[in-house]
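These are my notebook entries on one chain.

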Amino acid sequence: MSTPAQPVRLVRPEKKRRRIPVAVIMALSFGTLVLLSVGGVLALSVGANVRNTFDLLGAQSTLLIDAMEDSLRAEMGRAESAVDGVAKLYAQGEFQIDGEEMSAALAGALAAAPGVNAMLVCTPDLICRGAAVAGEDNAEYPAGTIRKLPTETAKSPEVRAVLEERKQVGGRRWGAFVANEYGLFANVSAPLARDGATKAWVIAAVELKNLSKITQELSSRFGTHAFILDGGGSILADQRLADPDALKNGILPLIANLEARTRMAATSACTGP
């Protein structure tokens with residue numbers, strides 16, 4: 001048996017390598033760079049716009065709160081000035097309780113304090129007298145007329161509670177809200193003292209609808225929906241409450257007396273939709 005002199009070599013077929021053209025590589029590189037650049041610019045622009053939007057909203061909120069604070073201070077400051085002025089006149093002996101001079105002093109204080117709806121003088125026996133601004137036109141008193149209120153004993157449990165509490169504290173003081181058939185009222189009072197003894201208290205009542213008118217004006221000015229909440233989160237003032245027919249239509253502040261809302265719910269249940 002013979003063997004070949006030279007070994008047999010197996011030749012592998014040559015593989016074809018795929019080559020990516022340089023132009024394609026350059027195009028992809030530039031495209032990626034452009035995409036990253038544009039994406040980065042868009043991200044920065046969107047982030048800046050979001051920050052600017054929140055900054056503008058924050059600035060607008062600050063302006064709204066400042067404007068509301070100024071309006072409330074002006075509105076309530078007139079009531080405080082009214083009771084302070086009447087208390088000072090009484091201390092100087094300018095009028096006597098139940099005298100004609102007292103009626104003139106209360107009417108003058110009402111005329112000088114726009115937004116104050118009524119001025120009362122209440123004695124420790126819970127008898128009140130005073131003057132009020134007519135809210136609606138009628139045959140006897142046109143709207144805006146200052147009329148004298150009859151002398152009578154306070155009947156509302158809320159008013160009596162306010163007066164009983166007032167006996168325990170001195171100085172000028174804002175009391176709890178009082179609801180009656182005319183609306184919901186904030187009140188500020190000051191003692192009528194002479195010779196070191198408190199003889200009565202003068203009370204200025206401000207209807208919360210006046211505060212709703214402030215929120216209505218601010219909502220229109222700032223293009224938003226302004227409202228006022230109390231410490232418990234209940235609505236005190238809202239632009240919808242500024243509607244003259246709000247109470248007739250059943251729109252009440254959330255802190256309105258439970259009895260009124262219960263009566264309305266019972267009436268609705270009986271009459272149906």
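**Salt bridges in the helix.** I began with Glu69 and Arg73, whose side chains form a salt bridge with N and O 2.8 Å apart. I count a salt bridge where a side-chain nitrogen of Lys or Arg lies within 4 Å of a carboxyl oxygen of Asp or Glu. Both residues belong to helix α1 and are four residues apart, about one turn of the helix. Helices (H or I, at least four residues) and strands (E, at least two) are DSSP runs, which I number from the N terminus. Glu69 has a relative accessible area of 40% and is partly exposed. I take buried as under 20% relative accessible area, exposed as over 50%, and partly exposed as in between (1.4 Å probe, protein chains only). I also noted that Glu69, Asp70 and Arg73 are linked in a network of salt bridges.

The model is predicted: local features need pLDDT of at least 70 and side-chain atom pairs pLDDT 80 or more, while totals for chains, interfaces and linings use all residues. Residues are numbered from 1 along each chain as its sequence is written, and side-chain values use heavy atoms, with hydrogens and water left out.

Next I looked up Arg78 and Glu75, which meet in a salt bridge at 2.9 Å, N to O. They are three residues apart in α1, so about one helical turn separates them. Arg78 is partly exposed at 29% relative accessibility, whereas Glu75 is buried at 9%.

**A salt bridge across the chain.** Which parts of the chain does the pair of Arg129 and Asp98 link? The closest N and O atoms of this salt bridge are 2.7 Å apart. Arg129 lies in strand β2 and Asp98 in the loop between α1 and α2, 31 residues away. Arg129 is buried, with a relative accessible area of 6%; Asp98 is partly exposed, at 48%. In total I recorded eight salt bridges.

**Strands.** β2 (residues 127-133) is mostly covered, with five of its seven residues buried. I found β2 antiparallel to β1, with five bridges joining them; strands pair where DSSP finds at least two bridges between them. Val121 stands opposite Arg129 of β2. Four residues lie between the strands of this hairpin, where Leu126 takes a positive phi near 70°. β2 is also antiparallel to β3 (residues 146-153), through six bridges, and Ile127 stands opposite Thr153 in β3.

**Helix α1.** I checked the length of α1: its 70 residues should span 104 Å at 1.5 Å a residue, and the 101 Å between its end C-alpha atoms agrees. The expected span is 1.5 Å times one less than the number of residues. Buried residues of α1 include Leu64, Met68, Glu75, Val83, Val86 and Tyr90. Just after α1, Gly93 has a positive phi of about 80°.

**Cores.** The largest nonpolar core has 40 residues; Val86, Val116, Met119, Leu192, Val202 and Leu218 touch the most other members. Such a core is a set of buried Ala, Val, Leu, Ile, Met, Phe, Trp, Tyr and Cys residues joined through side-chain atoms within 4.5 Å. α1 gives the most to this core, ten residues. Beyond its neighbours within four places in sequence, Val86 is in contact (heavy atoms within 4.5 Å) with residues including Phe95, Leu106, Met119, Leu192 and Val202. I noted a second, separate core of six residues, among them Cys122, Leu126, Ala154 and Leu163.
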